[in-house]
Amino acid sequence: MAKRRTKKQIEQENRLIFVDVTDTLSYLSYTNEKDIKAQVNEYRNNHTELDNVSISQVRKVLKEMMQDGLVKKRKDDYKYV
């Protein structure tokens with residue numbers, strides 16, 4: 001059975017995912033969710049001991065970023081800029 005995580009652990013994990021997605025978007029433009037996920041996971045696999053992210057985690061972060069006005073979703077091809 002998986003060990004339960006505390007609220008602080010979940011918040012810390014979410015902050016790390018947010019930072020990784022933000023960093024990925026800083027050097028990629030017009031990127032879709034799958035590309036962002038692949039870049040974040042490649043970085044995490046090669047440079048950290050962090051778990052891979054899921055597409056739903058990436059979507060959650062992108063939704064937060066859109067609400068804060070940090071990224072926009074292009075209507076023509078659903079990519080983020």
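D20 sits in helix α1, where a helix is a DSSP run of H or I at least four residues long, numbered from the N terminus, while a strand is a run of E of at least two. The model is predicted, so local features need pLDDT of at least 70 and side-chain atom pairs count only at pLDDT 80 or more, whereas totals for chains, interfaces and linings use all residues. Residues are numbered from 1 along each chain as its sequence is written, and side-chain values rest on heavy atoms, with hydrogens and water left out.

With a relative accessible area of 8%, D20 is buried; here buried means under 20% relative accessible area, exposed means over 50%, and partly exposed covers what lies in between (1.4 Å probe, protein chains only). Leaving aside residues up to four places away in sequence, D20 touches V40, Y43, R44 and L50, a contact being heavy atoms within 4.5 Å. With R44, the side chain of D20 also forms a salt bridge, at 2.7 Å from N to O. This pair joins distant parts of the chain, since D20 belongs to helix α1 and R44 to helix α2, 24 residues apart. The term salt bridge refers to a side-chain nitrogen of Lys or Arg within 4 Å of a carboxyl oxygen of Asp or Glu. R44 is buried as well, at 4% relative accessibility.

The protein chain has 3 helices and 0 strands, and from the N terminus on its elements run α-α-α. Of its 81 residues, 22% count as buried. Among contacts in the protein chain with a separation of 6 or more, 50% come from residues 24 or more positions apart.

The helices can now be taken in pairs. Helix α1 spans residues 7-27 and helix α2 spans residues 33-47; they pack at an angle of about 110 degrees, with their axes 9 Å apart. This angle makes α1 roughly perpendicular to α2. Axes are lines fitted to C-alpha atoms, for helices over the stretch in contact, and angles run from 0 to 180 degrees between N-to-C directions. Angles of 65 to 115 degrees count as roughly perpendicular, those under 35 as roughly parallel, those over 145 as roughly antiparallel, and the rest as oblique. On the α1 side, L16, I17, D20, V21, T24, L25 and Y27 take part, and they meet I36, Q39, V40, Y43 and R44 of α2. Sorted by class, this contact of α1 with α2 has 8 nonpolar, 2 polar and 2 charged residues. For this sorting, Ala, Val, Leu, Ile, Met, Phe, Trp, Tyr, Cys and Pro are nonpolar, Asp, Glu, Lys and Arg are charged, and the others, Gly among them, are polar.

Next comes the pairing of α1 with α3. Their axes come within 10 Å and cross at roughly 75 degrees, and α1 and α3 are therefore roughly perpendicular to each other. From α1, the residues E13, N14, I17, F18, V21, T22 and L25 make the contact, together with Q57, K60, V61, L62, E64 and M65 from α3. By class, the contact of α1 with α3 has 7 nonpolar, 3 polar and 3 charged residues.

The remaining pairing joins α2 and α3. Here the axes come within 9 Å and cross at roughly 110 degrees, so α2 and α3 are also roughly perpendicular to each other. E33, K34, I36 and K37 of α2 meet I55, V58, R59 and L62 of α3. The residues of this contact divide into 4 nonpolar, no polar and 4 charged.

In total, the structure holds 3 salt bridges. One of them pairs E33 with R59, the closest N and O atoms being 2.8 Å apart. E33 lies in helix α2 and R59 in helix α3 (residues 55-67), so this pair links distant parts of the chain, 26 residues apart. The C-alpha atoms of E33 and R59 are separated by 7.0 Å. At 16% relative accessibility, E33 counts as buried, whereas R59 is partly exposed at 44%. Another salt bridge pairs E13 with R5, again with the closest N and O atoms 2.8 Å apart. E13 is partly exposed, with a relative accessible area of 26%, and R5 is partly exposed with a relative accessible area of 44%.
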